[in-house]
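This report describes a protein chain in terms of its confidence, its fold pattern and one selected residue. The sequence and structure are shown first.

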Amino acid sequence: LLAASLSLAGCGDSAEGSPGGEGQPDATSGAEDTEAGAPDTTSGAEEEDVTASPDVETAGDEPDAPAGPPPVQWPVGDCADQPAGTGVEVGDITMDVELLDQHGQMVRLHDFCDKTILLVGSAFWCPGCIDKAPTLDAIYQAHKDAGLLIITLLTETLDNEPCLEEDLKAWADEYGQNFPVLSDVDGYIHTFTPKAGGKLPMEVLLGPGMEILTVIDDITEQDLIDALP
């Protein structure tokens, strides 16, 4: 438009400068005005294209990727802040601990204070642990609605390294464990094992309120049922 305005202004100056103000220059000037009008139309079209281009870019924006599944939420008891650890012997309140689970979340043991909890200490290199692992989920599924929770505490990988999230997930997937599988990086499970020499697998049964009911013994399914809330 600016170029068209300058062109028109130049034509006006030429008409006024013609000697005698004859009509012919006016006609010529008119033709020039008409010819000058063509670029205006083209210029206008170009401006419309420029204006339209942001719409094209906006239309081409991809929508945000859908969010992944929500994190798994383990049940948290109303008494989670009440239990205070007193020791590692039967009758004591177990010490609290916060460990990584197979979903990449930090899980606090005392969050499950209203449950009967079977802690199962295991490791990737432990044949007895591997034998026991596939049997646990069926017991959990049978009694979870009555207040049972099973927790696997994995101490080490095959290379005697602490278990990472992918190791925990591999264990849970391999043995169909739909309860917390935690990385016991500091050997929490071994605080209960001075009498057993730290051997695995081992089991600790906790009653509601995080009371230690049984340590090391071969805990039966009936033992679990008897200890339910």
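## Burial of Thr214

A residue is termed buried when its relative accessible area is under 20%, and exposed when that area is over 50%. In this predicted model, Thr214 has a relative accessibility of 19% and therefore counts as buried.

Thr214 lies in strand β7, which spans residues 211-215. With residues up to four places away in sequence left aside, the contacts of Thr214 are Val90, Glu203, Val204, Leu205 and Ile219.

## Secondary structure

Five helices and seven strands are present in the protein chain. Their order along the sequence is α-α-β-β-β-α-β-α-β-β-β-α.

## Packing and surface

The protein chain comprises 229 residues, of which 37% are buried. When contacts between residues at least 6 apart in sequence are considered, 69% of them join residues at least 24 apart.

The protein chain has an accessible surface of about 12,900 Å². Carbon and sulfur atoms account for 54% of that surface.

## Confidence of the prediction

For the protein chain, the mean pLDDT is 77, and a value of 70 or more is reached by 66% of the residues. The pLDDT is below 50 over residues 1-39, a stretch with 11 contacts in the model beyond near neighbours in sequence.

A further stretch, residues 41-48, also has pLDDT under 50. For residues 41-48 the model contains two contacts beyond four places in sequence.

How values were computed: Residues numbered from 1 in each chain as written. Predicted model: local features only at pLDDT ≥ 70, side-chain atom pairs only at ≥ 80, totals over all residues. Heavy atoms only, no water. Helix = DSSP H or I, 4+ residues; strand = E, 2+ residues; numbered from the N terminus. Buried < 20%, exposed > 50% of the residue type's maximum accessible area, 1.4 Å probe, protein only. Contact = heavy atoms within 4.5 Å. Areas by Shrake-Rupley, 256 points an atom, 1.4 Å probe, with all protein chains shown as cover. pLDDT = per-residue confidence, 0-100.
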